[in-house]
Amino acid sequence: MTWDERTQLTTFLDYTRDTARAKCEGISEEDARRALLPGSPLMTVSGLINHLRWVEYYWFQVVLLGEEDRGPWTDEDPDREMRIAVEFPVKQVLDEYEAQCARNRELASATDLDARAERAIRDGRHVDLRWILLHLTEETARHNGHLDILREMLDGTTGS
């Protein structure tokens, strides 16, 4: 198969997004909120999905578009998006993730891959949309591995 660059980037990102959602199919509310790793009390299925939702928000709306950062994190609680996820039904967390992905999918389709981000990243560079799509693919794929492990530990579900 030969796809143009945009199709390759967005297809792989959508695949990892879809995989994250698939990892949650059929999970109970209790299991979605359960932290299994003593050293990582915030690592829950709900927490990971909410983290992915807010990572999408941050990279598109804050970095690319330069909007004010209205994420749930604070200097005192930089991982708050993972902590608060257990306060909401897992369906709501998944719906909000899907809505954020849909918004970003539209934005990415209407924006040149060479478009420079309004805000600099930590090292001072202004990355382009291409970089953001690659980064989100990597970030989502990494957390899909975490979701795999949690799901198997929670209820034996593997695959997807």
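This is a predicted model: local features need pLDDT of at least 70, side-chain atom pairs count only at pLDDT 80 or more; totals for chains, interfaces and linings use all residues.
Residues are numbered from 1 along each chain as its sequence is written, and side-chain values use heavy atoms, with hydrogens and water left out.

The largest pocket has a volume of about 460 Å³. A pocket here is an open set of points on a 1 Å grid over the protein atoms alone, where a 1.4 Å probe fits and protein lies on both sides within 12 Å along at least five of seven lines; lining residues have an atom within 4 Å of a point. The volume is the space filled by probe spheres set on the points, which are joined across faces, edges and corners. The lining comprises 16 residues, of which H51, V55, Y58, W59 and R122 lie nearest the centre of the pocket. Helices α3 (45-64) and α6 (129-155) each supply at least two lining residues, and the largest share, six residues, comes from α3. Helices are DSSP runs of H or I with at least four residues, numbered from the N terminus. By class, the lining divides into nine nonpolar, two polar and five charged residues; Ala, Val, Leu, Ile, Met, Phe, Trp, Tyr, Cys and Pro count as nonpolar, Asp, Glu, Lys and Arg as charged, and the others, Gly among them, as polar.

Helix α6 also contains E139. This residue is buried, at a relative accessible area of 8%, where buried means under 20% with a 1.4 Å probe and protein chains only. Beyond its neighbours within four places in sequence, E139 is in contact with H51, L52 and V55, contact being heavy atoms within 4.5 Å.

T44 lies in the loop between α2 (29-33) and α3 and is buried, with a relative accessible area of 2%. Its side chain reaches the backbone nitrogen of G47 at 2.7 Å. Not counting residues up to four places away in sequence, T44 touches A32, R33, R34, A35, V86 and L150.

Turning to the cysteines, a disulfide is a covalent bond between the sulfur atoms of two cysteines, assigned here to a pair of sulfur atoms within 2.5 Å. The count by this rule is zero. The sulfur of C24 is 12 Å from the closest cysteine sulfur, that of C101, and therefore too far for a bond. C24 is buried at 4% relative accessibility, and C101 is buried at 0%.

Notes:
Buried means under 20% relative accessible area, exposed over 50%, partly exposed in between (1.4 Å probe, protein chains only). A polar contact is a pair of N or O atoms within 3.5 Å; within protein, one must be able to donate a hydrogen and the other to accept it, and residues adjacent in sequence count only if both atoms are side-chain atoms.
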